[in-house]
Amino acid sequence: MNIITDFMGQDHDRLDQLFSAFRSKKASDVARAIHFFSEFKRGLQRHIIWEEEFLFPRFESRTGLLDGGPTAVMRLEHRRIKGLLDKIHDDVANGKTDTDDLEGDLANVLLVHNTKEESVLYPAIDQCLSEQEATELIEGMNAMPADRYGHCCTEAR
């Protein structure tokens, strides 16, 4: 049973496609690129909330791994990801699309981060949940209101 691993891995793939679309369109179609970035930012914010408020607490309560465990490392990496995401957002919101260095940094951090989650953390979460618990967690995650993660001012441009 890989319910969490599959679900979250698919979301990683979706987010990677949005980020790639932003990066490939920004030189030729800024408006379309901004749309892709806005979708990526909102989706990544949602993904992080799913992990930090749904998946990590359940994993921590089942395993007792808190301060020094894998979720502590993931939370630290989330702060770095959010910082890079916000820097790119600020530039894009101000009409600046020359963000290649920041994008490269974010892509590199996400690659390592997602690999750890998909190969270690998500399978560990799957192991400590029943199929019903995993399904209920995903239902709760999907029911989360958009106003919790849906802020991105670039779409208003």
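1. Contact here means heavy atoms within 4.5 Å. On that basis aspartate 11 touches Gly43, Arg46, His47 and Trp50, leaving aside residues up to four places away in sequence. The model is a predicted one.

2. Aspartate 11 is found in helix H1. With a relative accessible area of 6%, aspartate 11 is buried, since the cut-off for that class is under 20%.

3. One of the residues touched by aspartate 11, Arg46, is also its salt-bridge partner: the closest N and O atoms of aspartate 11 and arginine 46 are 3.6 Å apart. Aspartate 11 belongs to H1 (residues 3-25) and arginine 46 to helix H2 (residues 30-63), so this pair ties together parts that are 35 residues apart in sequence. Both partners are buried.

4. A second salt bridge joins lysine 26 to glutamate 103, with 2.5 Å between the closest N and O atoms. Lysine 26 sits in the loop between H1 and H2, while glutamate 103 is in helix H4 (residues 100-127), so the pair ties together parts that are 77 residues apart in sequence. Lysine 26 counts as buried because its relative accessibility is 8%. Glutamate 103 counts as buried too, at 1% relative accessibility.

5. Lys26 and Glu103 also belong to a network of salt bridges, in which they are linked with Arg23 and Asp100.

6. Lysine 96 and aspartate 91 form another salt bridge, the closest N and O atoms being 3.8 Å apart. The cut-off for a salt bridge is 4 Å, so this pair is within it. Lysine 96 counts as partly exposed, because its relative accessibility is 41%. For the structure as a whole, the search finds 10 salt bridges.

7. The length of H1 can be checked against its residue count. At 1.5 Å a residue, the 23 residues of H1 should span 33 Å; the end C-alpha atoms are 33 Å apart, so the two values agree.

8. The buried residues of H1 include Ile4, Thr5, Met8, Gly9, Asp11, His12 and Leu15. Further along H1, Leu18, Phe19, Ala21 and Phe22 are buried as well. An α-helix has 3.6 residues a turn, so residues three or four places apart point the same way. What do the buried residues of H1 pack against? Their partners are H2, helix H3 (70-93), H4 and helix H5 (131-142).

Terms used:
Residues are numbered from 1 along each chain as its sequence is written. This is a predicted model: local features need pLDDT of at least 70, side-chain atom pairs count only at pLDDT 80 or more; totals for chains, interfaces and linings use all residues. Side-chain values use heavy atoms; hydrogens and water are left out. A salt bridge is a side-chain nitrogen of Lys or Arg within 4 Å of a carboxyl oxygen of Asp or Glu. Helices (H or I, at least four residues) and strands (E, at least two) are DSSP runs, numbered from the N terminus. Buried means under 20% relative accessible area, exposed over 50%, partly exposed in between (1.4 Å probe, protein chains only). The expected span of a helix is 1.5 Å times one less than its number of residues.
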